Amino acid sequence: MDLNFTPEEATFRDEVRAFLKAELPGELSDKVLSGHTLSKEDMERWHAILNGRGWLASTWPTEFGGTGWSPVEKHIFEEECCLAGAPRIVPFGLHMLGPVLIRFGSKAQKAHYLPRILDGSDWWCQGYSEPGAGSDLASLRTSAVRDGDHYVINGQKTWTTLGQHANRIFCLVRTSKEGKPQEGISFLLVDLDTPGIEMRPIRLLEGGYEVNEVFFTDVRVPVENLVGEENLGWTIAKFLLTHERTNIAGVGFSVQAFEQLKALATQQRRNGKRLIDNPLFAARLSEVEIDLEAMKITNLRMLADAQKNGRPGPESSMLKIKGTTIRQALNDLARRALGPAAAPFPSEALEGNLAIAPAGHTRNAARYFNNRKLSIFGGSNEIQRNILSKTMLEL
Amino acid sequence: MQFEMSEERRLLADTLNRYLSENYGWETRAATAYDPPYHSPKKWADLAELGIFHALAPEAEGGFGGAGFDVTTVFEALGRALCPEPMLPALMAARLLLAADASIDGLLSGEMRYAVAVGEADAPYGIEGLATEARQEGGTWLLRGRKSVVYGAQAAERILVAAQAGAGLGVFEVKAVDVEVAGYGLIDGGGAGEVLLDDTPATLLIGDADAALQDALDFGALALCAEAVGVLDHMFETTLDYLKTRKQFGRSIGSFQALQHRMVDLKTEIEQARSITILAASRMGTDQQSRSVSMAKNLIGRTVKLTAEEAVQMHGGIAMTWEYPLSHYAKRAVMIDHQLGDTDYHLEQVMAAYRAA
Ligand SMILES: Cc1cc2nc3c(=O)[nH]c(=O)nc-3n(C[C@H](O)[C@H](O)[C@H](O)COP(=O)(O)OP(=O)(O)OC[C@H]3O[C@@H](n4cnc5c(N)ncnc54)[C@H](O)[C@@H]3O)c2cc1C
């Protein structure tokens with residue numbers, strides 16, 4: 001047993017650190033660490049910086065312009081990025097569609113779309129969920145009917161994250177009503193400029209805008225935009241869901257959030273005493289620290305397995321459940337630590353002279369509410385438990 | 001043993017519930033809670049006319065209530081409707097004005113709006129460690145300090161301020177026109193403000209005010225517990241309905257045992273929260289008032305977090321949206337733990353009795 005990185009891995013980590021120190025703009029990390037919404041330009045700027053270094057497509061093989069990293073290298077990169085407050089890579093093109101095209105796409109699709117993901121020409125969004133098809137994704141009803149050399153799409157997608165910045169959407173659509181629901185689904189690439197598409201914003205509970213509804217009325221899509229074979233889209237959907245699970249534990253986010261929280265508790269005063277000296281609060285903080293230390297090792301153990309077997313096993317669902325629970329617990333404590341100062345509605349006006357919460361913490365309550373999503377999306381934590389009891393425990 | 005509500009209180013609850021459901025429905029609430037002045041002066045006047053404020057004060061002082069159960073009756077109804085009107089500061093101000101033997105006529109008629117400014121950035125809960133100071137100059141009291149997140153401050157005409165006045169804490173009355181109030185909206189709706197006292201002229205209402213302030217804080221915390229019970233009931237009912245109607249995998253999601261057991265647990269915890277609030281209400285005015293209120297506020301703090309998180313989780317994405325009322329109930333529920341002492345603060349108050357023993 002050796003819990004240390006190999007010398008090569010340690011060298012790689014130093015290289016990543018040096019890169020982040022030199023290249024990550026302070027304006028971006030400030031925004032990330034204080035929970036501010038990044039603009040489209042912010043995200044594109046960070047993508048371009050990573051692309052310049054050849055580190056943008058961490059899940060792609062080198063022949064397509066990816067890094068070809070091992071699971072451990074990917075982990076090191078992601079963790080260091082989180083700790084430094086780097087913007088999250090927008091996953092839809094890079095972590096989702098890219099791997100799908102590499103595995104299932106035609107030569108022409110790869111040649112056309114992959115470079116456009118890397119250089120930022122295309123911003124993709126994910127059209128899976130529908131109002132009636134959330135956990136039960138296979139019940140989706142948005143239909144695509146063949147008409148000559150086009151598909152005609154009708155229906156509605158929802159929860160489309162960052163659709164407002166996107167120019168393209170990849171969709172699961174129903175191309176057949178025969179057989180099991182899973183057997184009539186296809187994977188289509190759609191240009192959002194096509195006539196008949198309407199995108200409407202959904203405001204989230206804390207006031208932010210990051211998801212949308214997308215309506216399709218007689219939208220004509222060329223048949224060459226089909227990925228893989230007609231009616232075999234479910235295979236692709238499942239493949240993509242395992243890729244969605246990279247960095248699923250979010251250990252880096254939690255480590256970073258923990259450090260911020262500890263600093264906050266040292267700074268906050270409760271009736272003359274530092275909050276961190278309050279035994280009740282300190283107990284809560286310590287418990288999360290213990291969970292997090294264990295999580296780091298659980299994550300590395302599963303990474304080592306993935307390294308050996310070539311892909312993550314079903315146990316990665318445990319990482320999703322525990323990882324999101326820990327992140328949510330940290331957000332919960334960051335909100336509590338502020339006391340009444342957590343209550344003001346986040347606004348620019350409250351951040352200057354009026355500073356009610358300490359700098360960088362004005363959005364702690366908003367972040368807590370927003371991050372309730374972590375246990376809902378990407379396969380809810382209940383669905384992860386169903387997967388685990390079936391595949392891991394064979395119950 | 002008698003757990004039925006008295007006839008008078010049932011009438012009070014009916015009147016208030018009917019008014020709120022007819023006049024303060026979801027659309028009105030949504031249009032009122034998040035924009036200045038973060039409440040509705042018109043609805044405020046209606047509530048006064050209905051006599052709701054009178055329920056907060058005893059008969060001898062011109063009211064018709066003032067007991068723990070009157071307070072819980074009013075605030076449970078407000079919670080159920082998620083009403084953003086600043087009734088909490090009115091209740092606390094009434095307690096202080098009564099302790100000062102001052103007139104509460106303006107408060108009862110709804111013509112005078114009060115805020116109560118106790119907490120500060122470094123002393124957010126309770127009365128220990130407050131730094132705001134009062135000094136006398138030529139017969140006038142002048143206050144200096146900053147009171148933080150004062151509920152209803154942006155809408156108040158009078159602010160009752162706790163400040164160090166030599167020997168101990170005093171309660172002072174400040175006219176809103178004499179002081180800078182930086183108002184803002186709250187993440188769960190309603191408004192508050194920073195009260196920036198800079199040699200602000202004030203009138204002394206109560207000297208040696210520890211007991212009066214603690215009593216006002218106790219009544220405030222009891223009111224928040226009752227409000228929470230209303231919020232909890234609403235969240236539970238909404239979630240139960242949703243579990244019966246939302247279908248996935250060809251069946252209602254309420255048919256999944258993984259969710260059924262959690263709903264049963266929630267119901268149990270909510271009944272516990274109701275019970276501890278009843279207990280605290282029954283002990284107002286006794287020597288166990290403060291400790292019982294702390295017990296209630298602690299258990300409420302635990303229950304609101306659990307219920308808000310579970311209700312959202314069991315709804316899925318829909319409960320993450322601004323459009324869906326439950327999300328606002330969940331925010332209010334959680335933020336109740338940030339007012340007048342959180343779960344840990346009140347646990348410490350409960351624990352303090354062990355140290356004394
Ligand atoms: C902020 C946010 C961003 C999102 N971004 C995207 C996106 O970009 N693209 C996209 O396609 N989708 C996206 N989603 C959608 C997300 O994947 C769904 O919300 C998720 O699949 C859950 O579906 P649902 O919301 O319809 O809840 P439902 O499926 O209706 O579930 C409701 C509740 O029932 C539980 N439940 C359901 N079935 C079972 C069962 N068999 N056993 C036990 N419990 C069960 C669920 O766990 C949940 O608690 C996003 C969601 C959110 C909140």
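Predicted model: local features only at pLDDT ≥ 70, side-chain atom pairs only at ≥ 80, totals over all residues.

**Entry 1: aromatic pairs**

With ring centres within 6.5 Å as the rule for a pair, I got 22 aromatic pairs over all chains.

I picked A:Phe19 and A:Trp46 to look at in detail. Their ring centres are 6.3 Å apart and their planes stand at 40°, so I noted the pair as tilted. A:Phe19 belongs to helix α1 (residues 7–23) of chain A and A:Trp46 to helix α3 (residues 40–53) of chain A, so this pair ties together parts that are 27 residues apart in sequence. Buried or exposed, I wondered about A:Phe19? A:Phe19 is buried, at a relative accessible area of 8%. A:Trp46 is buried too, with a value of 0%.

Next came A:Tyr113 and A:Trp124. Here the centres are 5.6 Å apart and the planes are at 70°, so I wrote the pair down as edge-to-face. This pair also links distant parts of the chain, with A:Tyr113 in helix α6 (residues 107–118) of chain A and A:Trp124 in strand β1 (residues 124–127) of chain A, 11 residues apart. Both A:Tyr113 and A:Trp124 are buried.

Which residues do ring pairs link into a cluster? I listed A:Phe12, A:Phe19, A:Trp46, A:Trp55, A:Trp69 and A:Phe77.

**Entry 2: charges over rings**

One member of that cluster, A:Trp55, has A:Arg53 lying over its face, 4.0 Å from the ring centre. I also found a case that involves two chains: the charged end of A:Arg203 sits over the ring of B:Trp322, at 3.8 Å from its centre.

**Entry 3: annotations and domains**

I turned to the UniProt record, which is an unreviewed entry. Its annotation "domain: Acyl-CoA dehydrogenase/oxidase N-terminal" covers residues 6–120 of chain A. In the model, that span is 69% helix and 0% strand, and its end C-alpha atoms lie 34 Å apart.

The annotation "domain: Acyl-CoA dehydrogenase/oxidase C-terminal", also from the unreviewed entry, covers residues 213–352 of chain B. I noted 77% helix and 3% strand there, with the end C-alpha atoms 19 Å apart.

Separately, the domain assignment of chain B gives domain 1 (7–112), domain 2 (115–208) and domain 3 (212–356). How far apart do the C-alpha centres of domain 1 and domain 3 of chain B lie? The answer is 21 Å. Their contact takes 20 residues from domain 1 of chain B and 33 residues from domain 3 of chain B.

**Entry 4: helix α10 of chain A**

I looked up A:Asp332, which lies in helix α10 (residues 316–336) of chain A. A:Asp332 is buried, with a relative accessible area of 5%. Its side chain makes a polar contact with the side chain of B:Lys305, at 3.4 Å. Setting aside residues up to four places away in sequence, A:Asp332 touches A:Tyr368 and B:Lys305.

A:Arg336 is in helix α10 of chain A as well. A:Arg336 is buried, at 8% relative accessible area. Beyond neighbours within four places in sequence, its contacts include A:Arg270, A:Phe281 and A:Arg284, and from chain B they include B:Lys305, B:Asp337 and B:His338. A:Arg336 and A:Phe281 are 55 residues apart in sequence, yet 9.2 Å apart in space from C-alpha to C-alpha.

Most residues other than glycine have a negative phi, and most peptide bonds are trans. I went looking for exceptions.

The peptide bond from B:Pro36 to B:Pro37 is cis, with omega near 0°. B:Pro37 is in the loop between α2 (26–33) and α3 (41–49) of chain B.

B:Asp208 is not a glycine, but its phi is positive, near 50°. I placed B:Asp208 in the loop between β7 (191–206) and α7 (210–245) of chain B. B:Asp208 is exposed, at a relative accessible area of 70%.

B:Leu340 also has a positive phi, about 55°. B:Leu340 is in the loop between α10 (325–336) and α11 (343–356) of chain B, and it counts as partly exposed, at 23% relative accessibility.

Terms used. Residues numbered from 1 in each chain as written. Chains lettered and ligands numbered in written order. Heavy atoms only, no water. Phe/Tyr/Trp six-rings, centres within 6.5 Å; stacked < 30°, edge-to-face > 60°. Helix = DSSP H or I, 4+ residues; strand = E, 2+ residues; numbered from the N terminus. Buried < 20%, exposed > 50% of the residue type's maximum accessible area, 1.4 Å probe, protein only. Lys NZ or Arg CZ within 6 Å of the ring centre and 35° of its normal. UniProt positions renumbered as here; feature names shortened; annotations may be inferred. Polar contact = N/O pair within 3.5 Å; in protein donor to acceptor, adjacent residues only side chain to side chain. Contact = heavy atoms within 4.5 Å. Domains from an automatic or database assignment.
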